[in-house]
Amino acid sequence: CGLCIPSCAEGALEIIDGKARMISENLCDGLGACLGDCPTGALKVIEREADDFDEEAVEKHLEEQEKLEEEISPPCACPSAAMKTFAPMDAIPTAKSPTAVEGIAESALSHWPIQISLIPPQAPFLKGADLLVLADCVPVAFPNLHQDFLPGKAVTLGCPKLDDGREYIDKFAEIFKTAGINSITTLIIEVPCCGGLPMIVKKALEKSGKEIPMEEVVFSVGGELLERKRT
């Protein structure tokens, strides 16, 4: 899921081919800070011969990472990030709705954007909101999302495995500090990579110093609601 990566201050871990891997032995100090943030026990410390930890190599590596991030940052604002708020359509189509299709529910979405990385913490639709944090596979697996969970919620969506967990933690922490969030609901699929999303939200809560009621909802890959729990 990549949740271990923010814990490695030396930048020794990266997501490669969908898995977190140590990119160079001389970047790892052996402290094992990443172990405590692994929800599946996939990481472990082993004893064997390895390259010595090189602090200078770490500094050079972190500088190169920062430079690369600056180079790939978009030179202008992305149109997809343009904020919009709008009244959600009724959950049940009526004759008054020109886009209604018989038997098909309409959207309960009330704002744009929805991608976590594109939502500014100061977005007006976040103020005093009930926040819905979706793993991006959920809308495909669970057919009644708009009827059962979206109404009245500010929606954020992302993938804890493929996206930057550190960015997510920082973004949510800033939202929690400034937006006055009323409640948080996380929706994930039962697969291990999705388990990183509630943990990211919890880390952001710790970083923000806020206490906000939180509910975790888990679905099967076939869309069956498996578990709801409050934390």
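1. Contact here means heavy atoms within 4.5 Å. Helices (H or I, at least four residues) and strands (E, at least two) are DSSP runs, numbered from the N terminus. The model is a predicted one, in which local features need pLDDT of at least 70 and side-chain atom pairs count only at pLDDT 80 or more, while totals for chains, interfaces and linings use all residues. Residues are numbered from 1 along each chain as its sequence is written, and side-chain values use heavy atoms, with hydrogens and water left out.

2. Overall composition. The chain holds five helices and nine strands, in the order β-β-α-β-β-β-α-α-β-α-β-α-β-β from the N terminus. Of its 231 residues, 37% are buried; buried means under 20% relative accessible area, exposed over 50%, and partly exposed in between (1.4 Å probe, protein chains only). Among contacts between residues at least 6 apart in sequence, 66% join residues at least 24 apart. The chain exposes about 13,400 Å², of which carbon and sulfur atoms supply 53%; these areas come from the Shrake-Rupley method with a 1.4 Å probe, and for residues only the protein chains shown count as cover.

3. The largest nonpolar core. A nonpolar core is a set of buried Ala, Val, Leu, Ile, Met, Phe, Trp, Tyr and Cys residues joined through side-chain atoms within 4.5 Å. The largest has 47 residues, and the members touching the most others are Leu126, Val138, Phe172, Phe176, Ile181, Ile184 and Leu187. At least two residues each are supplied by β5 (130-135), α2 (138-141), β6 (153-158), α4 (165-178), β7 (183-189), α5 (196-208) and β8 (214-219). Helix α4 gives the largest share, six residues. A further core of nine residues lies apart from this one and includes Cys4, Cys8, Ala57 and Val58.

4. Helix α4. This helix has 14 residues and reaches 20 Å from its first C-alpha to its last, close to the 20 Å expected at 1.5 Å a residue; the expected span is 1.5 Å times one less than the number of residues. Its buried residues are Gly165, Tyr168, Ile169, Lys171, Phe172, Ala173, Ile175 and Phe176, and their cover includes β5, β6, β7 and α5. Beyond its neighbours within four places in sequence, Phe172 is in contact with Ile116, Leu131, Val133, Thr156, Ile200, Val201 and Ala204. At the start of α4, a side-chain oxygen of Asp164 comes to within 2.9 Å of the backbone nitrogen of Arg166. Gly180, with a positive phi near 65°, follows the helix.

5. Helix α5. Here 13 residues reach 18 Å from first C-alpha to last, close to the 18 Å expected at 1.5 Å a residue. Gly196, Leu197, Pro198, Ile200, Val201, Ala204, Leu205 and Ser208 are buried, under cover that includes β5, α4, β7 and β8. Just after α5, Gly209 has a positive phi of about 75°.

6. Cysteines. How many disulfides does a search of the whole structure find? The search finds zero, a disulfide being a pair of cysteine sulfur atoms within 2.5 Å. Cys194 is in no disulfide, and the nearest cysteine sulfur, that of Cys193, is 5.0 Å away. Cys194 is buried, with a relative accessible area of 4%; Cys34 is also buried, at 18%.

7. His61. This residue lies in helix α1 (residues 55-72) and counts as buried because its relative accessible area is 12%. Not counting residues up to four places away in sequence, His61 touches Glu10, Gly11, Glu14, Ile23 and Leu27.

Definitions and conventions: A polar contact is a pair of N or O atoms within 3.5 Å; within protein, one must be able to donate a hydrogen and the other to accept it, and residues adjacent in sequence count only if both atoms are side-chain atoms.
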